[in-house]
Amino acid sequence: MFKNQAVLKLLTLSSLMAFGLFSCTSSKKSESSAIESSTFVQLPGPESWKSDWSTSNSVVIHILAEPDNLHPTNGNSQTRAEINLYTQMALLQSDLRTGEMRAGLCTSLPQVSADQLQLNFELRDSILWDDGSRLTAEDIVFTAKASKCPFTDNPAAKPYFDNVKEVIADPTNPLKFTVVMKKAYIQNVGIWSDYPILQSAFFDSTKVFSKYSFSQLDDPTFSSSAHSDLQQWATKFNSPEYGIDTKFMTGLGPYQIQSWESGQAITLVKKKNHWTRNSTNYWEASYPEKIVFRVNRDGASQKLEFKSQVYDGSAYLGTRTLFDLKEDSTFNKNYHARFMDTYGFTYLALNMKPDGVKHLPLLTDAKVRRALAFATPVDDIIRVVNRGINKRVNSPVSQLKKAYAKDLEMIPYDVKKAGSLLDAAGWKDTDQDGVRDKIVNGKKLQLEIELAYMATQAEWKEMALMIAESMGKAGVKVNAVAYDFPNWMQKSLSHDFDMVMGASNSSSMPDDYGQLWSTAAWKGNGPNYTGFGDASTDALIDSISFTMDETKRMEMEYRLQHRIADDQPFVFMYGLVRRCVVHKRFNHAEFYAERPGLMYNNLQVAAPGSTVGTAQ
Amino acid sequence: MVSHLFRRFLSFVIALAGIAICGFLLTRISPREAVRQQLGANISSSQIKEDFYIKRYEQLYRKLRYDRQVFYWSWSGLAVPDSFYRLPDKYKSEQLIELSAISGCPEKSIVFYQLLAQLQLVALTDPDPKVNDLAAFLPRASSVEQLRILLNNPAWKNSASAFRVAEVNKELLDLLSHSKPWKNWIPEIHFTFDNQFHYWLFGDGNWLTGEGALYSRGALRGDLGKSYRTQSFVKDEIKNPFLLTLKISLWSILICFLISIPIAISLIRYKHTQLVKIIQPSMIFIYAIPLFWMGTLLLMTFANPDFLKWFPASGIAPQGGFPADSSWWNRFLISLPYFVLPVICYIYGAIIFLSRILQASLLQELEMDYIQTARAKGLHENKVLYKHALRNSILPLLTITIGALPVMVSGSLLIENIFSLPGMGTGLVHSVQLEDHPMMIGYFILTGAITILAFMMSDFIFTFIDPRIRIQKTASGYE
C-alpha cells in the first residue's frame, strides 16, 4: 500500500538520493549488460561452486540504518516496511516483476462494483495464524477498524483508511467480505496492497472493537475521554511492546523476528510448518532458514565486508561504493551487481507563479522555462557527476510504466536555441552586462534567478554549478544556493524559490497526479511547488484518479504528460537507480525496479555442482 | 570534609539542572519540524489527504504541548502576545506577529486575520483562476507590504470577492491607522504552571505523585518521556549506546595510561639515541593524521581480505550473536577483535598527547632539587624516576585523562560511523537529525552529568594523591 504516496515520502528521502537512470523497456535483459533497464532481472545460479563460498542457509543483508520499530502498521522507516515483507502478509501485493497488483491473502483481485465504491474480496482457505487459527473476514474488519481508529499512531495510513466507510463480513462465509468506500478513488484497491493484516484474536483479545462501529470511528467528535477502553487499547497497541519486543511480534509471513540487537542486527527465522511451506512462488517461498539484516553505514567498511563475503545482498550501497566494488575481481567473482532502474527522477522545478514581491515574475513565460530546459546540460551532468549510469527523462511518469507517453520529445542541450527562445520572450541583454533583461510593468528586470539545492550531498553542488555555468552562457544569471534539507523543503512547499533542484520517487502503482500537479497541491503548500495547472488540468487529474478503465485512464495520462511538457514547470533531468547486489551462491536471485529491489526469502543456496535454478 | 562534599554535590545538582534546562530550551526552537518528523514524510496535499494531514498535525502539535508556554514565565512586547509564536500554523503565526508588531493591537490583528481567512475561503472557489492564485498567496504573505500588493491586485475588481476585498482593505487601513508601535517596547511578563517545562519536569499526571501519567511521569522522577521515533522510553533507548561507549571509553583510558607512561619514560631515558630522534617527529606526524583517515587506514590495512584480514570491519559481535552457553570470559574473547580497531582510533592521538605531556612534566621534575638530592644519596636511576619523579609528574596526566572522559563518553561520531558502532555519538546525531526531542534532552543530560562527575572525580583524585593539596577549613571557607 501507499506506493503512490512514495512520491511524497521520497521527497523527504531525496536528501539521501542516489543518482540513477531510466529505461524504455520492461523486458528481461541479459546478465552481461552493465546497466539494466527493466522492471526485473532474473539472475542465473552459479556456473561453478567456488571453494570459499559459504553453504550456510542463512542470508546476511546489508542495511544502512535500523528501522524505527517493527510494528505491523505504525512506523515511518523504509527498513520497517521491508522487513515486514517477510513477517507480515497483505490482502494484495505488488508484483515486483510486472509492477502490477496481484492477489496475496485473497483468491483474486477484488470485484469492484460499477460505482467503484464496493470491493468484494474472498480470502484463501488455507491461511493460518501462528496459533493455528484461521484467517477470516473478522481479521480484516479488525485491521480496518484499528487503522481507522483515531487513537492509533499510523498517520501514513490514516488518510487512506479515512476513505473506507466500512468493511462488512459476509455472515454466511467467513472468508468473504466487502469493503465499502466513501469516494471513488484510483487507490481504493491499492490501500490493501502490502498493508499487513492484523490478527484480531492477538491484538484485540478482549474484543474492544466489537463495541464500536465504523461510523463511530469516523465521528470527528470521537474523544478519548468518552471511550477510555478504546484509548487504553490504543495505548497498548501503539506501545513499543508490539514494535520492539520480539515476543509480541506476530504476522502471517513465513518469518518471525528472532532477535533485534540494537543498532547492530535484526535476525528473522523461518517459521516451522508455516502455511506457505510448500509454496515456490517467489513472493511466498522461504528458502533461507535465517535472514539477518546488519547495519553498516561506512562506505569503506561496506566494501571490505563485501570483499570478505560477510554480506549476501544489499540495495543500499552508495553509487561510488558499488562502482569501486565492481572494479574488484574478487567481488565480481562472488556477486551479481546492477544499477537497477527505479521509478524516480531528478528535476529542476521552475516557479510559474511567483508572488511578485519576494520572487519576481521571471519564469512565468513558458518560453523562458523551455529555454532553461534547453540550457540545462543533463547529458554532461550524467556523464561527469554520475559516471554515465543514468538515463534522461522527460516526464514525471517512469519510462518503465505503460502510462508513459512515448511520443514525448527529449529536449536536447542547445544554448543557441535557449537564446532564441529568450529573445522571443523579450529577454535581451540591452545593457551588455552578460545578463538578459526586460521591462516588466514599467520596471527593468534582470534575468537573475536563484537555484536552491540541498546541501546533503556533494553531487547536488556539482550539478548546480554546472547548470549555473551553462545557463550563464544563455544570458541567464543563476545563483546556486545550498540549503539544509528542512529549509529546502520549506522553501519548496511554500513556493519561496525561483528554481529548485530535487528528486522525486514513485512506484509501479498507478500515479495519483493530484499530489504533484493539482492546483490544490499548490494552494495548500503541497508538492506542486511550481504552480502548474488550471481548471482543465485539475479536471483531467480528477478523471484519472477516478477512472478504473485502464485504457481510458492511460489516454488521459498521456494528455496530462503532454500538457506538462508544454508548460514546462519542471526541467526533467534523469532517472534514479537502485544499487542491487546479491551473492552468486544462490539460485532464484532477482533484482527489481520496485522497492525493495531484492527479495531475500527466495534465495536458495545452490548446492555445489547443482544446476541453475529459476524462480517460479 | 562532609561539608565540602555536600557543597560539591550541590554544585553538581545545580550544574546538571542548568544543563537540563538549556537542553530542554534548545529543543523548543523547532517544534513544528519535530511534529512533521513524527508524522513521517506525509507532507501531503492531495485532495483526499490534505485536510486529514492538517488535522493530524495540529492534534499532534497540541498533544505534545508545543502550543503551551515554554517555561513558567515568558516575556514579550505588549504588542505581540507570546502565544502568537506557538501557533501550529507557521504562516498564521508569522502573519499575526507581523500585523500585531506593526499595529500594536493583537485583538484587532486576530479579527483582521479572520476576515482574511474568510476572504481566502471564498476567493478559492472563484471561477477566475487569477483570483484563486491571489487567494492562495494571502495566507503566505510575509509582510504587510506584500499583503497590500496582493489586495490591490486588479484581478479582484470583477470577482465575486470584490466587496470582501474592500472590507479587508478597509480593516487593514484601520488597523494601521490606529497603530501603536510603542507597545512593542513595553514588556509583558506571563506566568503560568500550564507550561511545557512543567509537564516535562513533573509529567502529565499528578504533579506530586506522578500518578495518572499518560506519557511521562516527569524528568524529576527520572522519566524523560518516550522517543518520538520508536515510542520507547528514553532511558531504555539510551542504555545500550551509553554502556557500549562507556565500555570503549574506559578501556581506551586504561590502555592509554598503560602505554603512554612507558613511552614517556623511554623517550626520556633514551632521549639521546637516534631512535628517539626518529620516533618523536613520527609521533607528531601520526598525531596529525585526521581521525576519519586513520579509521579508514586501519580498516584497509587490518580488515582487508586482500591484505591483512585480522579484524572484522564492522559491528561489535559476531553475526548471529554469541554461542548460547558461552561464559562472560568467552564472550569477552569473542568480541575482543571487534573493539581493537575502534579503540586504536580512540587512543592513538591521546597516547601521543599524554606521552608528550608526561615527558615534559618528567623532564621538569627531573631538574628539581629533591631529585638531585635523591641521586646524590646514591639511589638507583630507576628508583629516582619511578618512585620520585613519576609520582609527581603523573598528577597532570590524571587530570587531563579524567577530563577527557566526557569527550569520550559522548562518543565519536566518526569512529562509530566507520566501524558501525551503535554508540552515544551516533545516537545523539540521529536524535538531532530526527528532531527527537526527548532523546536529545536525554543525551544532553547524560553527557552533562558525566562531564560534571568526571571533573569532580578528577578533583578528588588530585586531592587524594597529592599530599600537598589539603582541604583546610579556614574562617573564610576552603583553600
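Trainee: As I understand it, two residues are in contact if their C-beta atoms, placed from the backbone, lie within 7 Å. Of the contacts in chain B between residues at least 6 apart in sequence, how many join residues at least 24 apart?

Mentor: The share is 65% in chain B, and the corresponding share in chain A is 70%. This is a predicted model, in which local features need pLDDT of at least 70 and side-chain atom pairs count only at pLDDT 80 or more, while totals for chains, interfaces and linings use all residues. Residues are numbered from 1 along each chain as its sequence is written, and chains are lettered from A and ligands numbered from 1 in the order in which they are written.

Trainee: What does the secondary structure of chain B come to?

Mentor: Chain B has 18 helices and four strands, where helices (H or I, at least four residues) and strands (E, at least two) are DSSP runs numbered from the N terminus. Its C-alpha atoms fill a box of roughly 110 × 70 × 50 Å along the principal axes. The radius of gyration, taken over C-alpha atoms, is 32 Å for chain B, whereas a compact globule of 479 residues would come near 23 Å; the globule rule behind that figure is 2.2 Å times the number of residues to the power 0.38.

Trainee: And chain A, how many helices and strands there?

Mentor: Chain A has 19 helices and 23 strands. Its radius of gyration is 26 Å, close to the 25 Å that the globule rule gives for 616 residues, so chain A is as compact as a globular protein of that length.

Trainee: Switching to burial, what fraction of chain B counts as buried?

Mentor: In chain B, 34% of the 479 residues are buried, and in chain A, 55% of the 616 residues are. A residue is buried if 20 or more other C-beta atoms lie within 10 Å of its own, exposed if 12 or fewer, and partly exposed in between.

Trainee: Is helix α2 of chain B largely enclosed or largely open?

Mentor: Helix α2 (residues 31–38) of chain B is largely enclosed by the rest of the structure, because six of its eight residues are buried. Those are Pro31(B), Ala34(B), Val35(B), Arg36(B), Gln37(B) and Gln38(B).

Trainee: How do α4 and α5 of chain B pack?

Mentor: Helix α4 (residues 90–103) and helix α5 (residues 106–123) of chain B pack at an angle of about 135 degrees, with their axes 9 Å apart. That makes α4(B) oblique to α5(B), since angles under 35 degrees count as roughly parallel, over 145 as roughly antiparallel, 65 to 115 as roughly perpendicular and the rest as oblique. The axes are lines fitted to C-alpha atoms, for helices over the stretch in contact, and angles run from 0 to 180 degrees between N-to-C directions.

Trainee: Which residues of α4(B) and α5(B) make the contact?

Mentor: Among them are Leu96(B) and Leu99(B) of α4(B), and Ile110(B) and Phe112(B) of α5(B).

Trainee: Last topic, how many residues of chain B are in contact with chain A?

Mentor: On the chain B side there are 51 residues, in contact with 61 residues of chain A. Elements giving two or more residues to that side of chain B include α3 (50–63), α10 (234–269) and α12 (291–302).
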